[in-house]
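Please look through the model below before reading on.

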Amino acid sequence: MLKKSSSRSLRCRSGGLLTMLCPLFLLSLLTIVILSSDVSYLHFFDANTLPHLFFDTNANGISHSPIVLPPSLHSQISNLQTQLGVLLGQLHNESSGSKVDRFSDQVLRVAISVDKLVNSLSSISGNAPASGNGMSRVEEDFSEAGESEDQEEAPGVKVFNTGELHQYISPKLNRPSGKKNFLGVEVISPSVGLTCAHMATNIKRFMSYKMYGVCPDDWDLAQKLITGGCDPLPRRRCLSRASPDYNKPFPVNSSLWGQPSDANILWSHYKCKGYSCLVSNETRDRRGFFKCADCFDLSKRGWEIPSTESVSAEFTIDQVLALKPGEIRIGLDFSPTTGTFAALMKERNVTIASATLNLGAPFNEVIALRGLLPLYLSIGSRLPFFDNTLDIIHSTLFLDGWIGKELLQFVLFDWDRALRPKGLLWVDRFFCPKEVMKLYLDEFASLSYKKLLWKVVPKTDKDGDELFFSAVLEKPIRR
């Protein structure tokens with residue numbers, strides 16, 4: 001049966017697509033045999049059974065010297081992966097038929113098997129034991145969450161090839177196997193941030209939980225991973241934890257400006273243990289946050305009363321909306337915020353998503369409890385919006401002199417991507433030392449936006465050593 005099938009299906013015709021498939025498919029048969037049972041072939045080479053296959057041995061046991069696989073082997077497998085990817089792409093473009101479908105399914109299985117082979121080879125060749133007992137560094141490191149990751153080894157594939165994290169990132173075949181889904185792909189490969197590989201201790205801790213149980217109370221660890229570049233975080237198979245006394249939120253007509261209930265916030269990782277602490281003058285130096293110092297005081301609306309023109313760096317919301325009457329409908333506020341800007345815009349029939357992290361206080365919880373849309377997002381993340389879709393992007397007291405030129409460029413060009421033609425970029429009170437202000441102004445000018453409002457004024461609490469910059473800029477139509 002196999003010979004008959006092979007003679008019909010694997011016949012290599014010169015110049016055809018099958019000519020390319022034959023050598024690759026035959027070279028990969030061994031891989032399929034090893035991995036067809038979905039059990040790693042490494043199980044057959046257990047270090048306890050055949051230690052000489054992995055490490056140099058001596059009379060005292062296993063030493064710290066790993067086998068170094070020849071670079072040519074890695075290169076050959078990498079080339080095989082690349083060619084398999086090309087073949088899959090070509091097969092997708094072929095007209096459908098039983099032969100093409102059958103080969104597509106076979107090549108897909110070979111590609112997945114080769115990926116598993118690469119992961120296993122990497123775990124052998126690049127991870128010598130960290131101690132005489134044969135345990136890896138990652139397995140032994142139980143440092144606290146606040147500990148620096150700088151001294152960790154670059155774990156590469158090993159981090160992603162263990163436990164629940166490996167289960168998450170493994171390609172997920174459709175049912176029936178090998179058939180394209182509505183997205184046009186045969187497998188779903190879950191996303192995870194590349195930098196997670198360099199934060200081995202914390203990502204392993206994050207992915208250690210009881211499956212189908214209640215998730216650990218570790219959002220602070222998750223935020224540390226996100227701000228360190230481990231973004232997107234892997235999904236987890238556990239149930240979210242909430243305050244045990246959670247009550248239903250206030251009605252929409254009172255939640256916008258009413259102080260949220262303490263019972264609806266999980267306070268365990270905040271210095272403040274109640275909302276009154278967030279707004280009291282007596283706790284100002286002990287709240288645990290400093291950006292947006294008064295934004296938890298929901299009685300302070302802002303952006304509504306015109307300020308003295310000569311000294312204020314602010315524009316009012318009505319002043320900005322008057323630039324585009326009836327055109328501003330949806331947008332983004334990228335600021336350390338509890339949603340006050342979004343609340344004021346909501347009263348003017350504009351829907352705003354508020355992007356912020358929990359910078360020492362429950363920013364996201366308060367935004368949601370006010371009936372607004374929180375977007376839990378780091379400055380290092382690409383905006384989760386399609387191109388040319390937002391009417392306005394606003395940012396205040398967030399982008400300032402701390403940000404480097406190159407990061408600012410990537411942020412601004414991503415905002416440009418999401419902003420629609422003729423949309424508004426509202427830079428609100430950007431501040432920095434006056435000697436570097438021109439550097440930042442040049443970066444904003446490089447977008448070639450039209451200046452609708454523009455203001456540079458001294459920052460009065462710094463004796464003129466720092467400047468405020470505010471502007472409302474209009475994105476041009478590019479053809």
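Among contacts in the chain between residues at least 6 apart in sequence, 66% join residues at least 24 apart, where contact means heavy atoms within 4.5 Å. The model is a predicted one, in which local features need pLDDT of at least 70 and side-chain atom pairs count only at pLDDT 80 or more, while totals for chains, interfaces and linings use all residues. Residues are numbered from 1 along each chain as its sequence is written, and side-chain values use heavy atoms, with hydrogens and water left out.

The secondary structure comes to 17 helices and 11 strands. These are DSSP runs numbered from the N terminus: helices are H or I of at least four residues, and strands are E of at least two. Of the 479 residues, 42% count as buried; buried means under 20% relative accessible area, exposed means over 50%, and partly exposed lies in between, with a 1.4 Å probe and protein chains only. The chain exposes about 26000 Å², and carbon and sulfur atoms supply 57% of that area. Accessible areas come from the Shrake-Rupley method with a 1.4 Å probe, and for residues only the protein chains shown count as cover.

Next comes the sheet. It is open, has 7 strands with mixed pairing, and runs in the order β7-β6-β5-β8-β9-β11-β10. Its edge strands are β7 (373-376) and β10 (450-458), each of which pairs on one side only. The twist averages 15° from one strand to the next. Two strands pair if DSSP finds at least two bridges between them. Strand β8 (residues 390-396) pairs with strand β9 (residues 419-433) in the parallel sense, over 6 bridges. Thr396 has Asp428 in β9 as its bridge partner.

Which strands does helix α16 lie across? Helix α16 (residues 405-418) lies across β5 (330-334), β8 and β9, and runs at about 155° to β9. Axes are lines fitted to C-alpha atoms, for helices over the stretch in contact, and angles run from 0 to 180 degrees between N-to-C directions. In helix α17 (residues 437-445), the buried residues are Met437, Tyr440, Leu441, Glu443 and Phe444. Seen down the axis of α17, they fall within an arc of 155°, so they line one face of the helix. The arc is that of the directions from the helix axis to the C-beta atoms. These buried residues of α17 pack against α16, β9, β10 and β11 (466-474).

How many disulfides does a search of the whole structure find? The search finds 4, a disulfide being a pair of cysteine sulfur atoms within 2.5 Å. One of them is formed by Cys215 and Cys238, with sulfur atoms 2.0 Å apart. This pair links distant parts of the chain, 23 residues apart: Cys215 is in the loop between α9 (200-206) and α10 (219-227), and Cys238 is in the loop between α10 and α11 (252-255). The link is right-handed, with 100° about the S-S bond. Cys215 is buried at a relative accessible area of 9%, and Cys238 is buried at 13%.

Cys272 and Cys277 form another disulfide, with their sulfur atoms 2.0 Å apart. The link of Cys272 and Cys277 is left-handed, with -60° about the S-S bond. Both Cys272 and Cys277 are buried. A disulfide also joins Cys292 to Cys295, S to S 2.1 Å. Cys292 has a relative accessible area of 17% and is buried, and Cys295 counts as buried at 12% relative accessibility.
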